[in-house]
Amino acid sequence: MLIEDFNKVQLSPIEENVGQSLMSIRDLRVWFELRRWGFGHAGNVRAVDGVSFDIRQGEAIAVVGESGCGKSSLMKTILGLHRPTGGDVSFEGVSLSRLDRRGLKWYRSQVGYVQQDPFAALAPFMNIRRILEEPLIVNGVKDRDERTARIRKALEEVKLSPVEDFLPKFPHMLSGGQQQRIVIARAMILNPKLIVADEPVSMLDASVRVEILKLLRGLQESHNLAVIYITHDLSTVRYFSERIFVMYAGKLVEKAFTPDLLREPRHPYTFALLAATSDPDARNAEVYREVPPGEPPSLVNPPKGCRFHPRCARAMQGLCDVEAPSDFEAAPEHLVNCWLYK
Amino acid sequence: MKEILRSLRELKQYPSAVASLILILLMVGASVYTIFAIPYKEAIRLWRGSEEDWYKYPKQAAPIWTNLFSSKKQPVSFFLNSEETDNPHVDKQVETRADGSRKITITYTFDYNYDDFPQDMALYINSDYDSKKPLVSVTWVTPDERKVNVASFSILQRDVYRFSQDEKLGRILRAEPMIGLFADPAQELPTPLKGQYQMIVTGSVFEPDTTLEVELVTHGTLYGLAGTDFKRRDLMVALAWGMPIALSFGLLAALGTTITTLVIAAIGVWYGGWVDEAIQRITEVNSVLPFLPILIMIGTFYSRSIWLILGATILLSIFGLGIKNFRAIFMQIKEMPYIEAARSYGASDARIILYYLTPRVIPLLIPQLVTLVPTYVFLEASLAVLGLGDPFIPSWGKIINDARTNGALYEGLYYWILEPAALLLVTSLAFALLGFALDRVFNPRLRDV
């Protein structure tokens, strides 16, 4: 990872373009039912279990966690692809559960989606023009000229020019970076207020990651977008988002502003996660890093008490393994889901 | 779409595909020509086989090209009509006599170079008079200048004179009329005399506006490119009409069954849950139902209309096992991120099924569809051979059925069965070859094999 380049990405001051709350998530639970013999109940996979946070307009947040911690379920619920089992997601003050078909369609046009694997995210049998036209057709842009104009604008915004060269091409004719730009253009074409980016650079070559992140950041600033950036890679997070939410086993264990969290991680899991993040440094080869022992817990039968306690070096017997902690304010605007900060 | 066209261009690399494409194009061209040359209703009328349409034709005559393969040349049937004034073989002279009556002389001149005697000869006479019957006399001139006064008679407005049924002529010739007229007197065994024959029909008409037209019909043992059957029908009609029937039945059934199974599989996979369960169970039940016996029962008890059988075929195949194949592919595609993206920008279920799921299987669908065509062509033919063909429409299977019930093979009339069988084989071969080549083009894994 080219850290040098990331440092050049300019972070704008947080307060300037952060507006009102755009989306608020309250005690969101997404459970998937396990069935026995096709109909019997055999428990739930608690992919998301009691997640709450707010996103303000123009703000970029990052949700960080290892594979299987529920990030993707959280994201898909935000996109309206999964129905929440409990809790509520509200967008501009309207609860998603109260939206009818038309309302849901409107909501979906307000939320853009940037996927992880750009090649798989683009239908291989459609050319670029068609790929970008589909969201417009689906959302009732009937005028062909208007669609063409918006496609051109979107392609210019993601810096794919000359536009005419790209329109008739098929996804396999483009490089990974170009494909990801098309995915971003598709997410942007309906002028959304929120972009959900699911590990947008993890499948790309290191050389184009910076470009794509810069592009996303630039679009976020110029359109005053809210961005939810989902990743397992802390090294890209620090140059992108204003706030970081660390997710572990379906819960957000630490919520803080990026500089705070990186400077002073509070939750033992965040601590371990940061320690495990590698920087390209020759000395790292000789350094032994402490990583939390064990595996991420099962989401069907999560550990009693704090879900991290079996792997936690600082677990307190009789407390952490008995009662689940709630969010404690370890510092101003720095919430930690850990008994250490009571 | 472009990718499909590009793949089709790749077909050029396969000689078998090019050959089969040419064959299929020829067949389609022939079908279109047939439909315009012999309209549907006309074909049905002709195939009903009334004597009026087919009186000129010999019974169970083999096609003329069989002469190429035999040293003993069989006589070919021919017709000469006095109405054809520009035919060099026909000459018509009219003389007016002093008493006002007219003498009409019709001379037919033809070469007979065959090694066997014709089945029959007949004169079809057409005259419109009011009360006075015209008189007609017939003279036969052989190549060695012998003249035979065949007959003299007065005629009706529509009259037929059959040479082989004239016992008087038999007595004159002291032989069967056909043998007596054509035999070489120098030979001991009856052998036809080769050379130019003449038949002179002299008619006397007594009314000023009476016309007289006579058609000489010779029934050889060969006729046309396809031969004729037991009802004197030209097999060409059925062979030609069998082409569009077979192609349309095969293509419609293949298209109908694959597209419906495709859509049903996509619906099942997309909605999942009880919809998918129901589709799976129906498919499994349907797969145990005996397909051919059901069609035979429909044909026996309800209707033998080809279109009804086509409908039943498609209906029984909608929940065919093809659903399982498509389902396996759709299950994979359903999880693709681009489907998720489509949902995230609000594409409807119908749009996702039609524009996102199904296009991915088209490369698989095309070869399958093409290789399915002969299956249904054969199905239609087998039903017809079993006697369950459409009662009105001529088709290849019905020719074989006719041939079988009339003992074609027993009587050595091989052409009757071989012609439709060859067409069936060529048709299915063409589609099968094209299907295999398409499979190789669309399935890159097969390319190296």
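Me: What is the mean pLDDT of chain A?
Reply: The mean is 83, and 90% of the residues of chain A reach 70 or more. pLDDT is the predictor's confidence in each residue, from 0 to 100. This is a predicted model: local features need pLDDT of at least 70, side-chain atom pairs count only at pLDDT 80 or more, and totals for chains, interfaces and linings use all residues. Residues are numbered from 1 along each chain as its sequence is written, while chains are lettered from A and ligands numbered from 1 in the order in which they are written.

Me: Where in chain A is the pLDDT below 50?
Reply: Over residues 1–18. Beyond near neighbours in sequence, that stretch has 23 contacts in the model. A contact means two C-beta atoms, placed from the backbone, within 7 Å. Where pLDDT is low, the predicted coordinates should not be read in detail.

Me: OK, secondary structure. How many helices and strands are in chain A?
Reply: Chain A has 13 helices and 12 strands. Both are DSSP runs, numbered from the N terminus: helices are H or I with at least four residues, strands are E with at least two.

Me: What is the strand order in the open sheet?
Reply: β6-β7-β8-β3-β9-β10-β12-β11, all in chain A. That makes eight strands, with mixed pairing. Two strands pair if DSSP finds at least two bridges between them.

Me: Which are the edge strands?
Reply: β6 (111–114) and β11 (328–331) of chain A. Each pairs on one side only. β11(A) pairs with β12 (residues 334–336) of chain A, antiparallel, over three bridges. There, A:A331 stands opposite A:H334 in β12(A).

Me: Which helix packs on the sheet?
Reply: α9 (residues 176–188) of chain A does, touching β6 and β7 (194–198) of chain A. The direction of α9 makes about 170 degrees with that of β6(A). Axes are lines fitted to C-alpha atoms, for helices over the stretch in contact, and angles run from 0 to 180 degrees between N-to-C directions.

Me: Switching to chain B. How many of its residues are in contact with chain A?
Reply: 16 residues of chain B are in contact with 18 residues of chain A. The largest share of that side of chain B, seven residues, comes from α12(B).

Me: How do the residues on that side divide?
Reply: Nine are nonpolar, two polar and five charged. Ala, Val, Leu, Ile, Met, Phe, Trp, Tyr, Cys and Pro count as nonpolar, Asp, Glu, Lys and Arg as charged, and the others, Gly among them, as polar.
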